[in-house]
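Student: I would like to learn how to read this structure. Could we go through it feature by feature?

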Amino acid sequence: MAAGETGFSDVVYDLVSVEYHALKGGYVYGQYARDAEDEGHQEIAEFFRQVMREDSARAEKCHRFLVQLSGTRAE
């Protein structure tokens, strides 16, 4: 997608997209972990929590890159 179509560079658009999907994934993985716990599958629940932590770290890294590209301070 060209910058002219969105008003943002491709890299910014891509980072926002990855950040959004990581945050969205983290939200649903919490439900998956609860589902696994409800059915007594602790190892699977921990797997979903690990995936959730990985997505959280991914979203945080995207946010740092976006702040860096914008030239502002992180909140």
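Student: Let me start with one side chain: is arginine 64 buried, exposed or partly exposed?

Tutor: Arginine 64 counts as partly exposed, at 43% relative accessibility. The words have cut-offs: buried is under 20% relative accessible area, exposed is over 50%, and partly exposed is in between, using a 1.4 Å probe and protein chains only. Before we go on, note that this is a predicted model, where local features need pLDDT of at least 70 and side-chain atom pairs count only at pLDDT 80 or more, while totals for chains, interfaces and linings use all residues. Residues are numbered from 1 along each chain as its sequence is written, and side-chain values use heavy atoms, with hydrogens and water left out.

Student: Which residue does arginine 64 meet in a salt bridge?

Tutor: A salt bridge is a side-chain nitrogen of Lys or Arg within 4 Å of a carboxyl oxygen of Asp or Glu. Here the partner of arginine 64 is glutamate 60, at 3.2 Å from N to O. Both residues belong to helix α3 and sit 4 residues apart, about one turn of the helix. (Helices are DSSP runs of H or I with at least four residues, and strands are runs of E with at least two, numbered from the N terminus.) Glutamate 60 is partly exposed too, at 49% relative accessibility.

Tutor: Salt bridges can also share partners, and here they join Glu37, Glu46, Arg49 and Arg53 into one network.

Student: How many salt bridges does the structure hold?

Tutor: There are 5 salt bridges. Another of them pairs the side chains of glutamate 46 and arginine 49, at 3.3 Å from N to O. These two are 3 residues apart in helix α3, which covers residues 42–70, so about one helical turn separates them. Glutamate 46 is partly exposed with a relative accessible area of 33%, and arginine 49 is partly exposed at 23%.

Student: What about aspartate 55: which residue is its salt-bridge partner?

Tutor: Aspartate 55 pairs with arginine 58, and their closest N and O atoms are 2.3 Å apart. Again the two are 3 residues apart in helix α3, about one helical turn.

Student: Which residues does aspartate 55 touch?

Tutor: Contact means heavy atoms within 4.5 Å. Setting aside residues up to four places away in sequence, aspartate 55 touches Ala22, Gly25, Gly26 and Tyr29. Ala22, Gly25 and Gly26 are also among the buried residues of α2.

Student: Could we look at a residue of α2 in the same way?

Tutor: Take alanine 33, which lies in helix α2, residues 10–38. Alanine 33 is buried, at 4% relative accessibility. Leaving aside neighbours within four places in sequence, it is in contact with Ala45, Phe48 and Arg49. Alanine 33 and phenylalanine 48 are 15 residues apart along the chain, yet their C-alpha atoms are separated by 5.3 Å.

Student: How should I read the length of a helix?

Tutor: The expected span is 1.5 Å times one less than the number of residues. With 29 residues, α2 reaches 42 Å from its first C-alpha to its last, close to the expected 42 Å. For α3 there are also 29 residues and a reach of 42 Å, close to the 42 Å expected. After α2 comes glycine 40, with a positive phi near 80°, and just after α3, glycine 71 has a positive phi of about 75°.

Student: And how do I describe two helices that pack together?

Tutor: Two packed helices are described by the angle between their axes and the distance between the axes. Axes are lines fitted to C-alpha atoms, for helices over the stretch in contact, with angles from 0 to 180 degrees between N-to-C directions. The axes of α2 and α3 come within 8 Å and cross at roughly 160°.

Student: Which residues of α3 are buried?

Tutor: They are Ala45, Val51, Asp55, Ala59, Cys62, Leu66 and Val67. These buried residues pack against α2. In turn, what covers the buried residues of α2 includes α3.
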